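Student: I am new to this structure and would like to take a close look at a single part of it. Could you walk me slowly through the aromatic pairing and then through what surrounds it?

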Amino acid sequence: MANTPTAIDVYWRPGCGFCMALDRQLNRLGVPMDKHNIWEDQDAAAFVRQHANGNETVPTVHIGSSVLVNPTPNEVLQTMQAEVPDLVPEGVEAPGQGAVGRTMRRLLGG
């Protein structure tokens with residue numbers, strides 16, 4: 001494939017606690033990331049505004065054809081598994097749906 005991604009794109013800004021937490025957790029798992037500081041890169045800031053209702057909400061993560069605004073590490077891993085499974089680090093599994101989600105699915109017949 002010509003444009004096979006080698007990392008996910010993480011849009012962040014300095015001082016963002018949510019960005020630091022996501023970065024720390026994804027680093028610990030060995031997730032390959034290309035990081036884009038929206039305060040230094042106007043194109044990155046425009047990308048985030050386009051996907052966050054005009055706001056500069058970070059972290060914003062671009063994975064394949066999906067864009068996640070302020071995702072959890074679990075959401076990132078689940079999206080990676082669906083969009084770019086070759087980038088999921090060896091030995092790391094995307095977590096399954098939690099107990100609440102499983103219960104709701106059973107109750108709703110899903």
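Tutor: The structure holds 1 aromatic pair, where rings of Phe, Tyr and Trp (its six-membered ring) are said to pair if their centres lie within 6.5 Å, with planes under 30 degrees apart counted as stacked, over 60 as edge-to-face and the rest as tilted. The two rings belong to Tyr11 and Phe47, and because their centres are 4.7 Å apart and their planes stand at 20°, the pair is stacked. Since Tyr11 lies in strand 1 and Phe47 in helix 2, the pair ties together parts that are 36 residues apart in sequence; helices (H or I, at least four residues) and strands (E, at least two) are here DSSP runs, numbered from the N terminus. Tyr11 is buried, with a relative accessible area of 8%, and Phe47 also counts as buried, at 16% relative accessibility, where buried means under 20% relative accessible area, exposed over 50%, and partly exposed in between (1.4 Å probe, protein chains only).

Before going further, a word on the basis of these values. This is a predicted model, in which local features need pLDDT of at least 70 and side-chain atom pairs count only at pLDDT 80 or more, while totals for chains, interfaces and linings use all residues. Residues are numbered from 1 along each chain as its sequence is written, and side-chain values use heavy atoms, with hydrogens and water left out.

Strand 1 (residues 8-12) pairs with strand 3 (residues 60-63) in the antiparallel sense over 3 bridges, and two strands pair if DSSP finds at least two bridges between them. Strand 3 and strand 4 form a hairpin with 2 residues between them, and Gly64 in the turn has a positive phi of about 60°.

Between helix 2 (42-51) and strand 3 lies the loop in which Pro59 is found, and the peptide bond from Val58 to Pro59 is cis, with omega near 5°. Asn53 is found in that loop between helix 2 and strand 3, and its phi is near 55°, a positive value in a residue other than glycine. Most residues other than glycine have a negative phi, and most peptide bonds are trans. Asn53 counts as exposed, at 76% relative accessibility.

One further residue deserves attention here, namely Asn37, which has its place in strand 2 (residues 33-37). Asn37 is buried, with a relative accessible area of 9%, and its side chain reaches the backbone nitrogen of Trp39 at 2.8 Å, a polar contact being a pair of N or O atoms within 3.5 Å, of which, within protein, one must be able to donate a hydrogen and the other to accept it, while residues adjacent in sequence count only if both atoms are side-chain atoms. Leaving aside its neighbours within four places in sequence, Asn37 is in contact (heavy atoms within 4.5 Å) with Trp12, Arg13 and Pro14.
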